[in-house]
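Please consult the sequence and coordinates alongside the text.

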Amino acid sequence: MEKGLGFSNFLTQLDGVGISVLVLLLALSVASWYLILTKSISNFLAGKRADAFLKRFWSASSLQEVNSTLKDGSDDNAFAQLARQAMDAAVDSEKHGLQKLAAAGGASEFITRVLRNGLDQEATRVENGLTVIASAGSAAPYIGLFGTVWGIYHALVQIGLSGQGTLDKVAGPVGEALIMTALGLAVAIPAVLAYNTFVRRNRIWLARLDSFAHDLFVLIAVGTKTNSSAGDERSLRVVAPIISPAVAPTERRS
């Protein structure tokens, strides 16, 4: 009897609908756990790289030093990429002025748009995969509930055919119903917990990035290093703007 009521016996009693429910739950579980593991590792590495870059950034004495660091291939995190984009925009604005459509509105507006686009791109990147995790967390219990209802239906059919509700007649269908419920919860609970964790992490990450973008704009446009995390301001040697000889203004003759 113990062998007949094992998990292998449960698999042999599944029909097409039960197998479909089981495969769907398994697919959701594999997809959600893959995203949970990969995003957890990616977020951990991104945090370590960002902390290392910010430490070098705020200890630098000039934008030229930061720019040389970025040229060495240190833009492996969102903060470094945002800094490189802003500095490239500032240099490009100094070179071409208002001749390009992208620079319309002035250098400050151009740098602001570049920083905003960088923030939007990072927000899109960190949300990648969360839809699948959220779908697994919200849909898996109902998929398991459908399997439960289907198992109870089979139990009622067995009772109707045999004319008696003995244990050997209903144990298989009732076991199928309980197992489907357990599988649905096993898929949903880790997905919901992971989704909430990732959403909170992304909110804090984007808030830090937005604060850094503000500091970066002030640093490039004004020339003052404002470290919002430390709450202080320090003067910074800003790189001299690069002006091509062809467009350089002529000096007034006395």
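## Basis of the description

Helices (H or I, at least four residues) and strands (E, at least two) are DSSP runs, numbered from the N terminus. The model is predicted: local features need pLDDT of at least 70, side-chain atom pairs count only at pLDDT 80 or more, and totals for chains, interfaces and linings use all residues. Residues are numbered from 1 along each chain as its sequence is written, and side-chain values use heavy atoms, with hydrogens and water left out.

## Annotated spans

According to the unreviewed UniProt entry, the annotation "transmembrane region" covers residues 17-37, 139-157 and 177-198. UniProt positions follow the numbering used here, feature names are shortened, and annotations may be inferred rather than shown by experiment.

Residues 177-198 are 100% helix and 0% strand, with their end C-alpha atoms 32 Å apart. For residues 17-37 the corresponding separation is 30 Å, again with 100% helix and 0% strand.

## Helix α5

Helix α5 (residues 107-126) has 20 residues and should span 28 Å at 1.5 Å a residue; its end C-alpha atoms are 29 Å apart, which agrees. The expected span is 1.5 Å times one less than the number of residues.

Buried residues (under 20% relative accessible area; exposed is over 50%, partly exposed in between; 1.4 Å probe, protein chains only) in α5 include Phe 110, Val 114, Gly 118 and Glu 122. An α-helix has 3.6 residues a turn, so residues three or four places apart point the same way.

## Aromatic pairs

The structure holds nine aromatic pairs. Rings of Phe, Tyr and Trp (its six-membered ring) pair if their centres lie within 6.5 Å; planes under 30 degrees apart count as stacked, over 60 as edge-to-face and the rest as tilted. The rings of Trp 58 and Phe 212 have centres 6.4 Å apart and planes at 85°, so this pair is edge-to-face. Trp 58 belongs to helix α2 (residues 16-59) and Phe 212 to helix α7 (residues 167-221), so the pair ties together parts 154 residues apart in sequence. Trp 58 is buried, at 11% relative accessible area, as is Phe 212, at 3%.

Phe 79 and Trp 205 form another edge-to-face pair, 5.3 Å centre to centre with 80° between the planes. Phe 79 lies in helix α4 (residues 78-96) and Trp 205 in helix α7, so parts 126 residues apart in sequence are tied together. Both Phe 79 and Trp 205 are buried. Ring pairs link Phe 53, Phe 57, Trp 58, Phe 79, Trp 205 and Phe 212 into a cluster.

## Charges over rings

Arg 201 lies over the face of Trp 205, at 4.4 Å from the ring centre. The charged end of Lys 39 sits over the ring of Phe 198, 5.8 Å from its centre. The criterion is NZ of Lys or CZ of Arg within 6 Å of the ring centre and within 35 degrees of the ring normal.
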